[in-house]
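Here is a short report on one chain. Keep the sequence and the 3D view open while reading.

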Amino acid sequence: MKTRVERIDSSQPDIGLISAAAEIVEAGGLVVFPTETVYGIACRVTPSALARLDEVKGRPAAKRYSLHIGHPDQIREYVPSLKLRARKIIQQGWPGPLTLVFLLTQEDLAFQSEKMDAAQFAALYDEDTLGVRCPDHPVAAALLQAVKHAVVAPSANRSGRPAPREAGAALQEVDGRVDLVLDGGPCPLDANSTVAKIDPEVQILRSGSFSVDRLMELSQLRLLFVCTGNTCRSALAEAICRQILMKALNCKTLDELARLGYTVSSAGTTAVSGASASAGAMATGAKMGLDLSRHRSTALSIPLLDEMDLIFAMETAHRQTILASCPGVGDRCLRLDDERDVADPFGQSAPVFEACAELIGLDVQRRVGELIL
């Protein structure tokens, strides 16, 4: 077959040419296109198209390719439940030279298998994982959004050979074996995408154009619990949350928890900085295996709120105070218990403190499961 080559403006892609390329992919054809890192081969996820792609690449059929999407919001079509860390990395890392490998829950896999063709599901999901790339290139974004079905796009070279960063080099690799090459000029970056797995901490699988330091910075999760004086409820919540995370992640020390990217703290809307936890909170914590003796209260501040990824308020009034002083954290500030305020046990009996701590523990466990792990 003869491979058609079309020059395309990378800054303002021709819509007609993009539509024609998308139609080729939809029909099971192969289209080479530029990304910010390398030229890739767009292939619709169907058995016949993938078999053809395998032949072009010289790769075994059992090896999976990464899904490519044209906009970060499309990830929800393939990974229904995104935890906080994944959402944070996507929000600040996509579009970009970053391939993310997601670990899906069994519930998500069951949901996806019901809504997808069986062959498509088998081709995309490998051992409960899915690799996804969202390129930062106008031609790539336009093409991937124009194709209405799932697309994979490995580099446009034979397996084991260098990935091409110019259309001419790609054509030398695949001429006569693909339908169309969109020549958008040289790729802006000189390295492949960085590949990282979220499981739930971040594991670097391949270094590349996306800074590993930046990725690890994005993977840090900062959680804040807020009450009034920061000596009872939020102090207990902070300690309970650390305990839950350490158990779930098999951490032995707070330093190890920090290395995995988790920071848990607390503050009070009217707190005087430096106060110890209340006697009731310390006694209750001790019964739960929590040492609050080193806790010191922290006054709530705008800089503290700004750096947090999630803020849990004990009462509606606390949340209102937070939003009044720092409206920008609205989507990150939640009431710990959706249905009711967590009442202040300060100055009350041990049973009241223990009931309060039990409620906080249940709420924190639920929130950690829903949003974090």
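## A helix across the sheet

Helix α3 spans residues 84–93 and lies across β11, β12 and β13 (310–313). The helix runs at about 120 degrees to β11. Helix α9, residues 233–248, also packs on the sheet. Its contacts there include β11 and β12. The direction of α9 makes about 170 degrees with that of β12.

This is a predicted model.

## The four-stranded sheet

The sheet is open and has four strands in the order β12-β11-β13-β14. Pairing is parallel. The edges are β12 (262–268) and β14 (333–335). Each has a single partner strand, so one side of each lacks a neighbour in the sheet. From one strand to the next, the twist averages 25 degrees.

Strand β11 covers residues 221–227. β11 and β12 pair in the parallel sense over seven bridges.

## The whole chain

The chain has 373 residues, and 51% of them count as buried. Its secondary structure comes to 14 helices and 14 strands. The C-alpha atoms fill a box of roughly 85 × 35 × 35 Å along the principal axes.

Among contacts with a separation of 6 or more, 70% join residues 24 or more positions apart.

## Surface and charge

The accessible surface comes to about 16600 Å². Carbon and sulfur atoms account for 51% of that surface. The chain carries 39 positive and 46 negative charges.

Technical notes. Residues numbered from 1 in each chain as written. Predicted model: local features only at pLDDT ≥ 70, side-chain atom pairs only at ≥ 80, totals over all residues. Heavy atoms only, no water. Helix = DSSP H or I, 4+ residues; strand = E, 2+ residues; numbered from the N terminus. Buried < 20%, exposed > 50% of the residue type's maximum accessible area, 1.4 Å probe, protein only. Contact = heavy atoms within 4.5 Å. Areas by Shrake-Rupley, 256 points an atom, 1.4 Å probe, with all protein chains shown as cover. Lys, Arg positive; Asp, Glu negative; His and termini not counted. Charge placed at Lys NZ, Arg CZ, Asp CG, Glu CD. Pairing = 2+ DSSP bridges. Axes fitted to C-alpha atoms, helices over the stretch in contact; angles between N-to-C directions.
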